[in-house]
Amino acid sequence: MAPKTKKVAAAPKSAAAKAPVTKDTRFEKSVRNFGIGNAIQPKRDLTRFVKWPKYVRLQRQRAILNRRLKVPPALNQFTRVVDKNVASQLFRFLNKIRPETKQQKKARLTAAAEAKAAGKTVDAGKKPIVVKYGINHVTALVEAKKAKLVVIAHDVDPIELVVFLPALCRKMGVPYVIVKGKARLGTVVHKKTATALAVVDTKPEDKNEFAALVTVAQANYNNKSDEIRRVWGGGIMGKKSNDKTIKIEKARAKEVSTAHLA
């Protein structure tokens with residue numbers, strides 16, 4: 001029987017057989033150093049570190065205070081604005097009875113003056129049906145019970161300008177609504193802002209639409225006067241205050257539960 005021969009292991013591949021890897025220095029990765037005087041810092045959201053203008057800071061602080069502090073019912077009622085659908089319907093109606101612009105008035109008076117100079121008789125026509133604006137004018141219309149619907153802005157500053165108007169409307173039996181906001185009311189009467197508008201008369205074709213708006217106003221505001229006079233606002237704390245309150249309540253509950261063991 002022939003003797004067994006041992007198998008010899010294969011020789012390892014030489015390192016010299018591998019092809020050398022050449023790096024392209026044009027695309028070589030370079031680690032950036034963001035220390036002082038080195039690479040430019042990456043863009044970050046610096047909103048929290050911006051020093052905002054004073055009017056922005058004031059309006060934000062006012063908004064937070066209105067949430068934190070207890071707000072009496074007379075002021076809290078201005079947070080109860082009509083919903084979006086009713087507001088859209090209301091402004092669609094108000095745009096039908098907008099007053100004339102300065103250009104339209106100038107053109108009308110110019111045409112009347114030219115007709116008068118030519119010896120023609122100028123017919124003034126019927127008084128146009130337009131929405132009334134101006135807090136003094138609106139107040140006088142409500143006191144005389146001539147206003148059929150009053151629209152009040154929710155964000156008038158100072159609020160004392162209109163704080164009496166809802167109570168006056170309730171006393172005189174005039175339907176009223178509170179809407180967002182004074183700038184949107186201003187667009188109806190070609191002004192920057194308007195505190196309140198009053199509807200005195202309507203066109204015959206818009207009577208049904210106006211009657212629906214009056215019904216909504218009475219249901220949401222005039223008929224809920226007792227509720228509006230009782231409901232306070234504010235008292236909404238932030239996350240830190242709420243967490244602290246929860247922690248104190250848990251500690252008190254733990255003391256009560258372990259009191260009988262002492």
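User: In which sense do E2 and E5 pair, and over how many bridges?

Analyst: In general, strands of a sheet pair through backbone hydrogen bonds, either parallel or antiparallel. Here E2 and E5 pair in the antiparallel sense over two bridges; two strands count as paired if DSSP finds at least two bridges between them. Strands (E, at least two residues) and helices (H or I, at least four) are DSSP runs, numbered from the N terminus. The model is predicted: local features need pLDDT of at least 70, side-chain atom pairs count only at pLDDT 80 or more, and totals for chains, interfaces and linings use all residues. Residues are numbered from 1 along each chain as its sequence is written, and side-chain values use heavy atoms, with hydrogens and water left out.

User: What is the order of the four strands in the open sheet?

Analyst: The order is E2-E5-E3-E4, with mixed pairing. Strand E2 (132-133) and strand E4 (176-179) each have a single partner strand, so one side of each is left without a neighbour in the sheet. E3 and E5 pair in the antiparallel sense over four bridges, whereas E3 (residues 149-153) and E4 run parallel, joined by four bridges. Valine 150 has alanine 198 as its bridge partner in E5 and stands opposite tyrosine 176 in E4.

User: Are the two faces of strand E5 covered or uncovered?

Analyst: In a regular strand the side chains alternate between the two faces of the sheet. In E5 (residues 196-199) both faces are covered, with Ala196 and Ala198 buried on one side and Leu197 and Val199 buried on the other. Buried means under 20% relative accessible area, exposed over 50%, and partly exposed in between (1.4 Å probe, protein chains only).

User: How many aromatic pairs does a search of the whole structure find?

Analyst: The search finds two. Rings of Phe, Tyr and Trp (its six-membered ring) pair if their centres lie within 6.5 Å; planes under 30 degrees apart count as stacked, over 60 as edge-to-face and the rest as tilted. Tyrosine 176 and tyrosine 221 form a tilted pair, at 5.3 Å centre to centre and 50° between the planes. This pair links strand E4 to the loop between helix H8 (207-220) and helix H9 (225-230), its members being 45 residues apart.

User: Where does the charged end of arginine 184 sit?

Analyst: A charge sits over a ring if NZ of Lys or CZ of Arg is within 6 Å of the ring centre and within 35 degrees of the ring normal. The charged end of arginine 184 sits over the ring of phenylalanine 91, 4.1 Å from its centre. Arginine 60 lies over the face of tryptophan 52, at 4.7 Å from the ring centre.
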